Amino acid sequence: MAIEGLGRDFCLVCGADPPLYGDRMCEPCVRKRIKLVQVPENIPWVRCARCGIVEIQGKWVHISEEEIWDELIQRHVQFHKNAEDVGLALETRTVSDRHTLLHLQVEGVIEDLLFQEEHTMRARMANGVCLTCTRRAGNYFEATVQLRSTGRRLSEEEFTVLRQTLDKVIEDLSDDPMFFITSEGPVTGGYDVVLGSKGLARTWGRHLVSEYGGHVAESNSTVGRKDGIDVTRLTLLYRKPGYDLGDVLRWRDKYWRPATWTKDGAIMSRIDRQERTGATWRDLESSNVVSQMKDHVVADIINEDSSVAEFLDPTSWNMAEVRVAWDHVPRQKLRLARIDGDWLALHKLGCDEEDGRKSI
Ligand SMILES: [Zn+2]
Ligand SMILES: [Zn+2]
């Protein structure tokens with residue numbers, strides 16, 4: 001046995017020989033005193049009983065189950081402050097609707113010693129009701145968006161497509177608890193959507209205008225006072241143009257074709273004589289679509305004089321006559337619209353070229 005000399009190192013706790021770690025302790029003594037992680041036995045979390053979203057530190061968020069466990073581990077599993085090279089493996093076991101066991105395998109290095117531990121925590125779910133569901137249950141709303149059209153009544157399908165854009169807008173926005181739909185449904189001549197947020201209504205309105213043209217009219221009504229402030233409701237009336245470039249519209253008692261779009265409407269080109277004028281979406285609210293591009297007929301001329309052309313009427317296969325358009329060039333094909341049982345020859349527009357219609 002060696003003689004104990006001054007300056008010889010030994011464990012401060014048990015007197016064992018080196019190697020020593022940290023505050024001069026042998027490995028068994030270090031391991032007895034240091035835990036790699038502190039893990040609580042039970043950890044509570046809250047899920048909305050109505051819609052299933054989860055409360056994370058006072059905020060309601062849409063997250064997956066794996067993300068919930070990650071979040072709980074991050075918040076509740078405390079690694080030793082000197083731990084390095086830490087690793088964590090998780091296995092979960094569902095015990096019941098509300099209880100899930102989280103088995104953790106952790107490792108890390110403290111004072112050059114590798115620690116490996118296993119722990120189990122129980123995640124306990126409690127039911128709550130999120131802000132959105134609370135407001136929804138109270139039929140809370142701030143805004144109504146009215147989808148309508150000008151020029152032509154839209155089909156149910158067209159309204160469905162317009163309505164679907166709201167889902168996309170909500171998806172692209174942040175998780176605001178007020179971004180919900182209170183109620184919705186078809187009404188005469190359109191579709192109404194009642195929303196929890198004015199901001200959402202306006203964002204959707206802008207989206208509709210940029211995607212489909214047309215314009216939004218905004219009005220506010222005061223429904224009461226709360227804490228000395230007027231409580232207002234917003235109504236957004238969106239009118240989608242029911243016409244496309246090249247369609248025939250009755251507008252201001254004449255027939256016109258929208259020739260090109262402008263920032264806030266269209267350049268309208270008159271059919272019975274050479275005339276162009278700019279019109280805003282609002283100006284065009286009084287217009288009616290009488291013949292869409294898809295219903296036009298392109299026909300060969302059989303006989304013509306300076307003002308009238310004869311062609312084969314595709315609806316009866318008899319010869320028919322039509323007054324030629326103001327820009328007519330002899331022997332050129334006719335573009336025809338059928339309006340109230342009569343044929344109308346149309347002047348040319350740039351969009352006619354792109355129209356792949358077969359001529360007869
Ligand atoms: Zn010791
Ligand atoms: Zn909810």
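In these legends, Lys and Arg count as positive and Asp and Glu as negative, while His and the chain ends are not counted. The place of a charge is taken as NZ of Lys, CZ of Arg, CG of Asp or CD of Glu.

A note before you start: this is a predicted model, in which local features need pLDDT of at least 70, side-chain atom pairs count only at pLDDT 80 or more, and totals for chains, interfaces and linings use all residues. Residues are numbered from 1 along each chain as its sequence is written, chains are lettered from A and ligands numbered from 1 in the order in which they are written, and side-chain values use heavy atoms, with hydrogens and water left out.

**Figure 1. The whole chain, before we zoom in.** The chain has six helices and 26 strands (DSSP runs numbered from the N terminus: H or I of at least four residues for helices, E of at least two for strands). Its radius of gyration is 37 Å, well over the 21 Å that the globule rule gives for 360 residues, so the chain is more spread out than a compact globule. That radius is taken over C-alpha atoms, and the rule is 2.2 Å times the number of residues to the power 0.38. Along its principal axes, the C-alpha trace spans about 135 × 55 × 35 Å. The mean positions of the 48 positive and 58 negative charges lie 6 Å apart.

**Figure 2. Proline 19 and its cis peptide bond.** Proline 19 sits in the segment before β1 (20-21). A cis peptide bond, with omega about 5°, joins it to proline 18. At 54% relative accessibility, proline 19 is exposed (exposed is over 50% relative accessible area, buried under 20%, partly exposed in between, with a 1.4 Å probe and protein chains only). Leaving aside neighbours within four places in sequence, proline 19 is in contact with Met25, Cys26 and Glu27, where contact means heavy atoms within 4.5 Å.

Figure 3. Neither is a glycine, yet phi is about 50° for glutamate 111 and near 70° for aspartate 112. Glutamate 111 is partly exposed at 34%, whereas aspartate 112 is exposed at 71%.

**Figure 4. Lysine 198 in helix α5.** You can find lysine 198 in helix α5 (residues 198-212). With a relative accessible area of 19%, lysine 198 counts as buried. Beyond four places in sequence, its contacts include Glu142, Asn220 and Thr232. Leucine 236 is 38 residues away from lysine 198 in sequence and 9.4 Å away in space, C-alpha to C-alpha.

Figure 5. Threonine 150 belongs to strand β11 (residues 143-150) and has a relative accessible area of 5%. Serine 287 lies in the loop between β19 (276-280) and β20 (288-291), with a value of 2%. Setting aside residues up to four places away in sequence, threonine 150 touches Tyr243, among others, and serine 287 touches Tyr243 as well. Other partners of threonine 150 include Leu284 and Glu285, while those of serine 287 include Gly151 and Trp251.
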